[in-house]
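Here is a short briefing to read with the model open beside you. It covers the nonpolar parts, the sheet and the salt bridges.

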Amino acid sequence: MIKFLLDILSDPAILIGIFALIGLLLQKAKVSDVVAGTIKTILGFVILGAGAQILVGSLDIFRQVFDHAFGLKGTIPNNEAIVALAMKQFGTQTAYVMILGMLVNLILARVTPLKFIFLTGHHTLFMACLLVAVMSAGGMTGVTLVLTGGVLLGILMVLMPALSQPFTRKVTGNDSFALGHFGSIGYITAALVGKAVGKSGRSTEDIKVPESLRFLRDTSISMALTMGILFIVVSLAAGPTFIETTLSGGVNFLVFSIKQALVFSAGVYIILAGVRLLISEIVPAFKGISDKLIPNAKPALDCPSVFPFAPNAVVIGFMSSFIGGLIAMFITPVFGLAVIVPGLIPHFFTGATAGVYGNATGGLKGAVLGAFANGILISFLPAILLSGLGAIGFAGTTFGDTDFGVIGILLSFATRAF
């Protein structure tokens, strides 16, 4: 039964579909509208997930080529990997904490001014797992562990969207939804950096190009060209032998590189299409919940939900965050910390989002420097957290996004103090 509930609650498509269904039923919509709205909401997230899967596959190939070309050795932060490892040891406690945390989220949204319902199910699971792992390392067990973890999780599920909401409004131009993603500290940092360096700066979406290059205004084309250049440069450094014998199945390494760049761009295009469908359905459906159960409730959605508001900033943010991660990789050992090899997946999703937030407050400069700051954060925070996770046998990997790092480090100090 616990596994059944965990599978439902950790699947964002099903979770969002359930909330859309409840919202439409509370509005007493026609049966046809309820069915259509629920299915289209789920489809939006499934499309988003399919695009993400395509994109992740392309990024994984890029990572393999990049690592071979430059011989990088170190720890690559990966939320999915460490959660899979930790669930073997803390699976039951994590499930209880996650379920309790979601209930606390709904209660807090009902009785406090923080009206956010966190709908990114996999990130809820990741944070529940982090809380359980760190508190267990501090000696907490049993009912105390579950109750403390559940309450903390519920608080974080309303607090982090609330902290980022002033900047989310600048991104979207309205207050219809919030950001429900535990990389919020990185996005807030990017927005503050943008505000500091880019006052009155032009937006990434207003970059002027000559008439002959107007085709670059199409994000999918500019993204394909940018990634094509990156793939070709890194592939030349890695050499044709490695790519053609290990990755491409004998296809010419340059042809393979260009194809992967196009696959990457297609993945982003699909993500954007899924997000547009999701938002067009979930926001109206949420009106029923807002009117009947939790007044003024707002859905807190996954980070790609902001990508359509500044597609150019998505590419710029990814690149800037990755550069920050590369620089940080050589700096962390100076402080006696582990070498954190920049993971392309966290740098894409959090870096792109940081670019969108930095652009909202500081234009192009904000997007570049804000996302760069995010890249530094998601290198140093996992390195610091790694030492604490090593105490419970997870020294080989670590959580990647900023909130996991900050919460994990603070909670680790707190549990040791008490």
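This is a predicted model: local features need pLDDT of at least 70, side-chain atom pairs count only at pLDDT 80 or more; totals for chains, interfaces and linings use all residues.

Residues are numbered from 1 along each chain as its sequence is written, and side-chain values use heavy atoms, with hydrogens and water left out.

**Surface patch**
- Phe330 counts as exposed because its relative accessibility is 63% (exposed is over 50%, buried under 20%, partly exposed in between, with a 1.4 Å probe and protein chains only).
- Together with Ile323, Ile327, Ile331, Val334 and Phe335, Phe330 forms a nonpolar surface patch of about 620 Å² accessible area (Shrake-Rupley method, 1.4 Å probe, only the protein chains shown counting as cover for residues; patch members have over 30% relative accessible area and no salt bridge, with nonpolar side chains (Val, Leu, Ile, Met, Phe, Trp, Tyr) joined within 5 Å and like charges within 9 Å).

**Nonpolar core**
- The largest nonpolar core has 103 residues, and Ile117, Met127, Phe264, Phe307 and Phe348 have the most contacts inside it (a core is a set of buried Ala, Val, Leu, Ile, Met, Phe, Trp, Tyr and Cys residues joined through side-chain atoms within 4.5 Å).
- Helix α10 (residues 253–292) supplies the largest share of this core, 14 residues.
- Leaving aside residues up to four places away in sequence, Met127 touches Leu153, Leu156, Phe182, Asp403, Phe404 and Ile407 (contact means heavy atoms within 4.5 Å).

**Sheet**
- Three strands make an open sheet in the order β1-β3-β2, with parallel pairing (strands pair if DSSP finds at least two bridges between them).
- β1 (116–118) and β2 (178–179) each have a single partner strand, so one side of each lacks a neighbour in the sheet.

**Salt bridges**
- The whole structure holds 5 salt bridges (a side-chain nitrogen of Lys or Arg within 4 Å of a carboxyl oxygen of Asp or Glu).
- Lys40 meets Glu281 at 3.3 Å, N to O; Lys40 is in helix α3 (residues 31–70) and Glu281 in helix α10, so the pair ties together parts 241 residues apart in sequence.
- Lys298 pairs with Asp175, their closest N and O atoms being 3.5 Å apart.

Key
Helices (H or I, at least four residues) and strands (E, at least two) are DSSP runs, numbered from the N terminus.
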